Amino acid sequence: MHPARLSLLLAGVFAIVGLPANAATLRSDTAVVSARSAAAFFAARHAASSKNGLLIASAEAPVRSRSAWPDATNTGVPPGTILTDYKDECVITENNFVVNGKTVNCSLSIQASNVIIKNSKINGQVILDTDRPGSKLWSFSMFDSEVDAGTIQQSAVGWGNLQVLRSNIHGGVTSVQCDETSSSCLVQDSYLHGQYMPEGQDWHLGGFLSDGGRNITLRHNYIICDHPVNSVGGGCTGDVNLIPNFDAIKGALIENNFFGANTYLSYCTYGGEKKNSKFPHSYNVIYKNNILMRGANKKCGAYGPVTNFNATNTGNLWLDNFWDDGTVVHPAN
């Protein structure tokens with residue numbers, strides 16, 4: 001990661017501002033969602049409406065069961081998998097290299113193309129640094145695995161040219177991060193949660209982060225930033241943070257996800273605008289068919305469900321996004 005990027009992140013670009021004085025008593029509502037139940041989430045019908053030419057909601061809210069979402073019971077290493085210790089290099093430079101059925105007790109640095117990680121537990125990060133020379137040719141895919149990034153002040157998985165499927169990602173300050181130099185990122189059927197922050201440190205956490213980029217797809221994940229706010233105001237920015245610090249977001253599809261609630265999370269999602277950035281606008285950002293949990297304050301986050309989404313930008317779309325009670329969630333600029 002470039003020093004400029006790290007210094008900007010450490011400066012608190014994604015700060016939670018103006019939280020209540022009792023913010024340290026954050027309440028998380030994750031337990032409600034993780035309960036397995038065959039009961040339908042909701043069935044509600046809504047009329048189509050539009051704002052500035054943008055279709056807000058149409059036809060019928062989907063019927064969903066609580067067990068339909070990824071969680072710790074249906075992501076990660078499949079039950080019955082026998083893991084053996086990983087004894088190869090932690091810096092992977094061999095194309096088409098496969099890590100299968102391993103316990104990995106180091107952070108993996110991906111510096112090769114078509115690396116596969118599957119059916120494995122990684123006690124560390126999995127990072128493909130897209131700022132490094134030659135990284136445009138590198139890529140990795142992770143299937144049915146668990147990543148515990150521990151106490152590091154970086155993302156658990158990042159920073160691009162990646163696919164993550166059916167995986168359980170926790171630890172670090174952000175579960176998955178994709179940067180502006182990435183060619184593509186896909187996160188699907190995965191559980192992003194359990195971020196880390198020490199007491200007394202003003203860190204800023206999230207489930208997914210892009211600070212600029214393209215070809216981003218988040219599909220059918222359960223995403224929550226669930227760490228309590230601490231005594232110095234550090235805590236969660238949002239579940240999904242599209243914040244154009246280093247470039248515009250130039251294509252992001254956020255569909256069929258569950259956004260978890262935290263009372264002192266700022267907003268559940270930041271939608272790609274940032275007025276004081278060199279790149280203030282984002283384009284082709286699509287949110288559709290997502291469910292947002294209301295939580296204890298009925299707003300998902302401290303201030304609301306969504307901010308900094310501009311419905312008038314080219315290609316931006318907000319379609320069929322609902323609260324977990326079946327009512328429509330409207331976008332906000």
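Here are legends for several close-up views of this predicted model.

A few ground rules come with the views: residues are numbered from 1 along each chain as its sequence is written, and side-chain values use heavy atoms, with hydrogens and water left out. Because the model is predicted, local features need pLDDT of at least 70 and side-chain atom pairs count only at pLDDT 80 or more, while totals for chains, interfaces and linings use all residues.

**View 1. How confident is the predictor, and where is the pLDDT below 50?**
pLDDT is the predictor's confidence in each residue, from 0 to 100. The protein averages 83, with 80% of its residues at 70 or more. Residues 2–66 are where the pLDDT is below 50, though this stretch still has 155 contacts in the model beyond near neighbours in sequence (a contact means heavy atoms within 4.5 Å). Where pLDDT is low, the predicted coordinates should not be read in detail.

**View 2. An open sheet of nine strands, paired in parallel**.
Walk across the sheet and you pass β5-β8-β11-β14-β17-β20-β23-β26-β29. Strands here are DSSP runs (E, at least two residues; helices are H or I, at least four), numbered from the N terminus, and two strands pair if DSSP finds at least two bridges between them. At the edges sit β5 (98–100) and β29 (317–319), each pairing on one side only. On average, neighbouring strands of this sheet are turned by 5° against each other, direction ignored; the axes are lines fitted to C-alpha atoms (for helices, over the stretch in contact), with angles running from 0 to 180 degrees between N-to-C directions.

**View 3. Zooming in on β20 and β23**.
Strand β20 (residues 216–219) runs parallel to strand β23 (residues 252–255), and four bridges join them. Pick out I216 and you'll find A252 as its bridge partner in β23.

**View 4. Strand β19 and its two partners, β16 and β22**.
Seven of the seven residues of β19 (residues 204–210) are buried, so the strand is largely enclosed by the rest of the structure. Buried means under 20% relative accessible area, exposed over 50%, and partly exposed in between (1.4 Å probe, protein chains only). Strand β16 (residues 174–178) pairs with β19 in the parallel sense over four bridges, and Q177 stands opposite L209. With β22, the parallel pairing of β19 takes six bridges, and here S210 stands opposite L242.

**View 5. G233 in its loop**.
G233 belongs to the loop between β21 (222–223) and β22 (235–242). Its relative accessibility is 23%, so G233 counts as partly exposed. Q201 is 32 residues away from G233 in sequence, and the two are 8.3 Å apart in space, C-alpha to C-alpha.

**View 6**
The structure holds nine aromatic pairs. Rings of Phe, Tyr and Trp (its six-membered ring) pair if their centres lie within 6.5 Å; planes under 30 degrees apart count as stacked, over 60 as edge-to-face and the rest as tilted. W69 is buried at 2% relative accessible area, and F258 is buried at 0%. Ring pairs also link W69, Y191, Y222 and F258 into a cluster.
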